[in-house]
Amino acid sequence: MTENIIDLNQINVEFKDGEKQVKAVTDVDLQVEKGDIYGIVGYSGAGKSTLVRVINLLQKPTSGKVKVNDQDLLALKPEALRQARTKIGMIFQHFNLMKSRTILGNVEYPLFKTKLSKDERLKKATELLRLVGLDQRKNDYPRQLSGGQKQRVAIARALANDPDILISDEATSALDPKTTLSILNLLKQLNQKLGLTIVLITHEMQAVKEICNHVAVMQKGEVVERGTIESIFSTPKKLLTQEFINIATNVGPAVQKVTENPKFQHLSPDQQLVQLNFIGKSTEEPIISTLAKQFNVDGNILFANVEQLHSETLGFMILVLAGKPTDITEAISFLKVNQVRVKLLNQATESEVTG
Amino acid sequence: MASWLPNVIHMQSEFVQATWQTIYMTLISSLVAGVFGLATGIFLIVSQPGGILEDSFLYGLLDKVVNILRSIPFIILLAVIAPFTRYLVGTTIGTTAALVPLIIGIFPFYARQIQNALTEIDPGVVEAAEASGSSPTEIIFRVYLREGLPDIIRVSVVTIISLIGLTTMAGAIGSGGLGDIAISIGYARFENDVTIVAMIIILVMVFIVQFVGDWLAKRLEH
């Protein structure tokens with residue numbers, strides 16, 4: 001077993017909202033292995049931001065145990081806690097840079113806590129800016145930078161004290177898709193180069209898909225599902241998880257478009273609209289042509305998408321099967337035997353036939 | 001000259017002295033009230049609900065003290081604290097005696113202004129500093145006071161200008177300075193030119209403060 005660098009145990013966080021007690025996080029366990037990239041997904045208000053703030057105790061839990069780097073953070077004195085925080089970097093949705101300091105000054109800021117001399121601090125800050133590709137602009141002020149560049153500065157700042165952990169709180173949510181990708185790639189590089197453990201929270205499964213190894217799905221303060229990225233993507237159990245995956249893989253919008261199209265709302269009895277999810281090996285086999293050859297069932301592809309995760313390939317397809325009804329039924333059984341998840345898309349109801 | 005300023009022309013040395021007295025009162029009370037006001041404003045910010053040193057008792061107390069002191073009209077404050085002034089300075093007349101009510105009158109105003117200026121600072125920036133391991137003191141000096149500096153200068157300008165106004169009011173109880181001249185000579189003896197010249201000198205002082213302040217604030221803003 002690999003070592004857990006973060007170990008949250010039975011975390012509860014409650015707020016007082018006037019007279020009302022609001023539970024933001026309920027009985028959450030979270031273990032993150034050293035060197036992992038762990039995604040926490042959920043809609044806003046699900047409690048993800050509150051949960052990650054427990055990791056560096058910016059948010060004190062109402063109850064529970066917080067162990068980070070083998071230290072019980074709740075037992076630490078203020079100064080020791082601040083020392084521990086220097087080893088937990090954090091980046092934010094709105095970057096949170098100081099506008100009165102140059103970007104070099106922003107990166108230098110966390111180093112004030114160290115015993116480094118001014119020259120050493122500036123040297124280190126410059127090196128960090130080089131790492132994120134912005135050393136040429138060190139004397140600029142944050143307002144002169146684009147969103148993506150600001151986030152790079154924030155990353156450099158978060159790395160100033162050579163942390164073991166980086167917490168990313170919706171760090172790409174304010175960025176455009178291209179910039180998001182470049183920031184995610186940077187995080188991945190840092191993970192590989194520095195062995196940095198990353199906890200990434202987001203409402204976009206897309207971001208998780210790019211870099212995470214593990215993912216937890218949160219809803220109403222609870223973790224409702226968790227696992228490796230492959231298992232979550234291939235066999236999501238909860239409706240919410242499915243929803244996130246459908247958005248990330250574009251399957252959701254595609255299904256909606258197809259089922260709303262009048263052309264597919266009144267199919268003849270020898271036609272069947274289906275959604276197929278291929279996992280692993282089944283993506284490598286010529287299944288559609290087999291249907292035609294063995295079962296006399298033609299597949300008309302309306303939508304197809306292939307996602308490459310770390311070790312797995314996932315395929316998503318929407319197609320109209322055409323053939324004799326008995327042949328179609330047989331063809332569907334054949335698909336299920338071959339580990340293809342089949343979902344019948346009927347005009348009114350969507351019934352699931354799990355394989 | 002003599003026909004335009006029949007009385008002022010004979011009072012040049014009085015005007016020079018009164019101008020210095022006004023500058024003296026403004027300067028000293030700015031400095032002292034500045035320190036108290038800044039400290040109070042910072043305490044209000046850090047102790048407020050959700051602040052870095054949240055303390056509802058301290059916050060409630062300071063908040064009320066500031067509100068009450070700000071509600072007392074200055075001209076009444078002058079009279080009310082006269083015994084305290086006498087205890088402190090030994091007299092209630094003169095520029096030095098005027099410093100006591102001036103400081104007490106202006107510091108709550110400045111504290112509130114500082115609080116408003118620092119409220120503008122993005123809580124996210126403060127959170128980032130906390131996350132990087134900064135202590136409350138470090139956050140006050142390296143984040144709040146630094147990030148808020150342009151706004152602090154702006155509210156200081158507003159405060160100093162108000163303070164110049166208050167020094168003239170203190171003239172009503174014999175503090176010396178331009179307000180005193182304007183009231184006890186210009187107004188009481190119907191020597192209008194004296195009042196007008198006193199006003200013009202005060203306007204010039206206000207403009208200078210405003211100009212220097214704006215220039216500084218702009219220079220510090222990035």
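In helix α10 (residues 251-260) of chain A, the buried residues are A:Val251, A:Ala254, A:Val255, A:Val258 and A:Thr259. Buried denotes under 20% relative accessible area, exposed over 50%, and partly exposed the range in between (1.4 Å probe, protein chains only). Helices (H or I, at least four residues) and strands (E, at least two) are DSSP runs, numbered from the N terminus. A:Lys257 and A:Glu260 are exposed, on the face of α10(A) turned away from its buried side.

The model is predicted: local features need pLDDT of at least 70, side-chain atom pairs count only at pLDDT 80 or more, and totals for chains, interfaces and linings use all residues. Residues are numbered from 1 along each chain as its sequence is written, chains are lettered from A and ligands numbered from 1 in the order in which they are written, and side-chain values use heavy atoms, without hydrogens and water.

The largest nonpolar core has 61 residues. Such a core is a set of buried Ala, Val, Leu, Ile, Met, Phe, Trp, Tyr and Cys residues joined through side-chain atoms within 4.5 Å. A:Leu129, A:Ile155, A:Leu187 and A:Met205 touch the most other members. Domain 1 (4-247) and domain 2 (257-353) of chain A each supply at least three residues to this core. These bounds come from an automatic or database domain assignment. Apart from this core lies another, of 35 residues, including A:Val28, A:Leu51, A:Val66 and A:Ile88. Contacts of A:Leu187 (heavy atoms within 4.5 Å) include A:Ile91, A:Ile155, A:Leu166, A:Ile198, A:Leu200 and A:Ile211, with residues up to four places away in sequence not counted.

Over all chains, the structure holds 17 salt bridges. The criterion is a side-chain nitrogen of Lys or Arg within 4 Å of a carboxyl oxygen of Asp or Glu. A:Asp169 pairs with A:Arg53 at 2.8 Å, N to O. This pair links distant parts of the chain, 116 residues apart: A:Asp169 is in strand β7 (residues 165-169) of chain A and A:Arg53 in helix α1 (residues 48-55) of chain A. A:Asp169 is buried at 7% relative accessible area, and A:Arg53 is buried at 14%.

A second salt bridge joins A:Lys123 and A:Glu127 at 3.8 Å, N to O. The two residues are separated by about one helical turn because they are four residues apart in helix α4 (residues 118-131) of chain A. A:Lys123 is exposed, with 57% relative accessibility. A:Glu127 is partly exposed, at 40% relative accessible area.

In chain B, the side chains of B:Glu221 and B:Arg154 form a salt bridge of 3.0 Å, N to O. B:Glu221 lies in the segment after α10 (192-220) of chain B and B:Arg154 in helix α8 (residues 149-170) of chain B, so the bridge ties together parts 67 residues apart in sequence. B:Glu221 is partly exposed at 39% relative accessibility, and B:Arg154 is partly exposed at 33% relative accessible area. Salt bridges with shared partners join A:Glu79, A:Arg82, A:Lys113, B:Glu138 and B:Arg142 into one network.
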